[in-house]
Amino acid sequence: MSDCFSVEKRSRIMAGIKAKDTKAELAVRAFLFRQGFRYRIHDTHLPGKPDVVLPKYKTVIFINGCFWHAHQGCRHFAIPKTNRPFWERKLMKNRERDQKVLALLLQMGYRVLVVWECELSPSSRREETLQGLANEIWQVES
């Protein structure tokens, strides 16, 4: 019975996870806008529908959740103990898809930047990460 409860509970938790407009995405987008960057979001014409596209800089940004993209060595990433084979396959497929999308975007001439959700917390780390992101984008102009 407890096993059934944990599966139902996990299902409810997973159903509540958003794919777009997450707190991390909103924080990055708000920062970029304040810095004067203009961008598109979730461009369906590009592989992987990047979270942020900066056409002027030919740069795309993915804001990755540490769990869903299996951020190795991160305290936010651990494979669930229940239904482990399912999660191992799912997360491996996610990482493989990420690599394919990265390769396609690079072939198209885009710079690909990745921000991990763990890099945006706590707030002192968030500012450092976001400023580093802005500096990385501005390097194209120099």
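A patch of positive charge on the surface of the predicted model is formed by Arg89, Lys90, Lys93 and Arg97. Patches are built from residues with over 30% relative accessible area and no salt bridge, like charges being joined within 9 Å and nonpolar side chains (Val, Leu, Ile, Met, Phe, Trp, Tyr) within 5 Å. In this assignment Lys and Arg count as positive and Asp and Glu as negative, whereas His and the chain ends are not counted, and each charge is placed at NZ of Lys, CZ of Arg, CG of Asp or CD of Glu. Lys90, one of the patch residues, belongs to helix H3, which spans residues 84-107; helices (H or I, at least four residues) and strands (E, at least two) are DSSP runs numbered from the N terminus. Lys90 is classed as partly exposed because its relative accessibility is 30%, where buried denotes under 20% relative accessible area, exposed over 50%, and partly exposed the range in between (1.4 Å probe, protein chains only).

The model is a prediction in which local features require pLDDT of at least 70 and side-chain atom pairs count only at pLDDT 80 or more, while totals for chains, interfaces and linings use all residues. Residues are numbered from 1 along each chain as its sequence is written, and side-chain values use heavy atoms, with hydrogens and water left out.

The secondary structure comprises 4 helices and 3 strands, arranged from the N terminus in the order α-α-β-β-α-β-α. Of the 142 residues, 34% count as buried, and the protein exposes about 9,200 Å², of which carbon and sulfur atoms supply 54%; these areas come from the Shrake-Rupley method with a 1.4 Å probe, and for residues only the protein chains shown count as cover. Among contacts with a separation of 6 or more, 53% involve residues 24 or more positions apart, a contact being defined by heavy atoms within 4.5 Å.

Tyr110 is located in the loop between H3 and strand S3 (111-116), and it counts as buried because its relative accessibility is 16%. Beyond its neighbours within four places in sequence, Tyr110 is in contact with Leu46, Lys58, Thr59, Val60 and Leu105. Lys58 itself occupies the loop between strand S1 (52-54) and strand S2 (59-64) and, at 36% relative accessibility, counts as partly exposed.

Although Lys58 is not a glycine, its phi is positive, at about 45 degrees. Asn83, likewise not a glycine, has a positive phi of about 55 degrees and is placed in the loop between S2 and H3. A cis peptide bond, with omega about 0 degrees, joins Ser121 and Pro122, and Pro122 lies in the loop that connects S3 with helix H4 (123-138).

Side chains of opposite charge can pair when their charged atoms come close. With a salt bridge defined as a side-chain nitrogen of Lys or Arg within 4 Å of a carboxyl oxygen of Asp or Glu, the count comes to 5 salt bridges. Glu25 and Arg29 form one of them, with an N to O distance of 3.1 Å; both residues lie in helix H2 (residues 23-34), 4 residues apart, or about one turn of the helix, and both are buried. Asp43 is paired with Arg40 in a salt bridge at 3.2 Å, N to O. In this pair Asp43 counts as buried, at 10% relative accessibility, whereas Arg40 is partly exposed, with a relative accessible area of 46%.

Within helix H3, Glu88 and Arg84 are likewise 4 residues apart, about one turn of the helix, and form a salt bridge in which the closest N and O atoms are 3.2 Å apart. Arg84 counts as partly exposed because its relative accessibility is 37%, and Glu88 is also partly exposed, with a relative accessible area of 36%. Elsewhere, salt bridges that share partners join Asp21, Glu25 and Arg29 into one network.
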